[in-house]
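Dear colleague,

Please find the structure below. My notes on what was found in it follow directly after.

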Amino acid sequence: MKKKVLAFGASNSRNSINKKFAAFAGRSLEDVELSVVDLNDFELPLYSFDLERETGVHDNAIQFFNAIKQSDAVIISLAEYNGLHTSAFKNLWDWMSRIDNMNIWSKKPMLLLSTSPSKRPESNVINVSRQLFPYFGANIIASYHLPSFNHFFSEDGIIDEDQRNAFDMEKKKFQEHLNNLN
């Protein structure tokens, strides 16, 4: 039976390179049913305790949370704005944290990615997320950062051999974990 994999870029940019990268990673897996979603389809008001008390948890946050729950695994490619998560993703996260006692990721196996136009070999947001996400129910199996997206990526995928090999090692860990899920 094919595993259901939810993939998304943690950005609300209409031309998100992180959404492209998450979709690429999902398509590169074997024997999966891939669902690529766009954060723009889950628009939310800015979270506040007062708003939650007045209106309850917003339907779009519940829908996104349910998409995670119905998947077997999650691929996220994190955009980095000023060294941290985008405001759109952080707002979604804040809303979802109110649904199941902060258990956003439901222990789903996760491939954590990031990319940016920057040539920096590592991203702050992926490092922060590796530490923070497990407190919210993440089961991070593998992670990878692709620097200089416009230089190392084309419609055919990762074009730099060293970067492709590094990605393939992390993807292999994730694929093996998926293959062993019951």
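Asp-31 is located in the loop that joins helix 1 (17–27) to strand 2 (32–37); helices (H or I, at least four residues) and strands (E, at least two) are DSSP runs, numbered from the N terminus. This is a predicted model, in which local features need pLDDT of at least 70 and side-chain atom pairs count only at pLDDT 80 or more, while totals for chains, interfaces and linings use all residues. Residues are numbered from 1 along each chain as its sequence is written, and side-chain values use heavy atoms, with hydrogens and water left out.

Although Asp-31 is not a glycine, its phi is positive, at about 60°. Its relative accessibility of 48% makes Asp-31 partly exposed (buried means under 20% relative accessible area, exposed over 50%, partly exposed in between; 1.4 Å probe, protein chains only). Ser-106, in the loop between helix 4 and strand 4, also has a positive phi, near 55°. Ser-106 is buried, with a relative accessible area of 15%. For context, most residues other than glycine have a negative phi.

Beyond its neighbours within four places in sequence, Phe-8 is in contact (heavy atoms within 4.5 Å) with residues including Val-37, Phe-64, Phe-89 and Trp-105.

Yours sincerely
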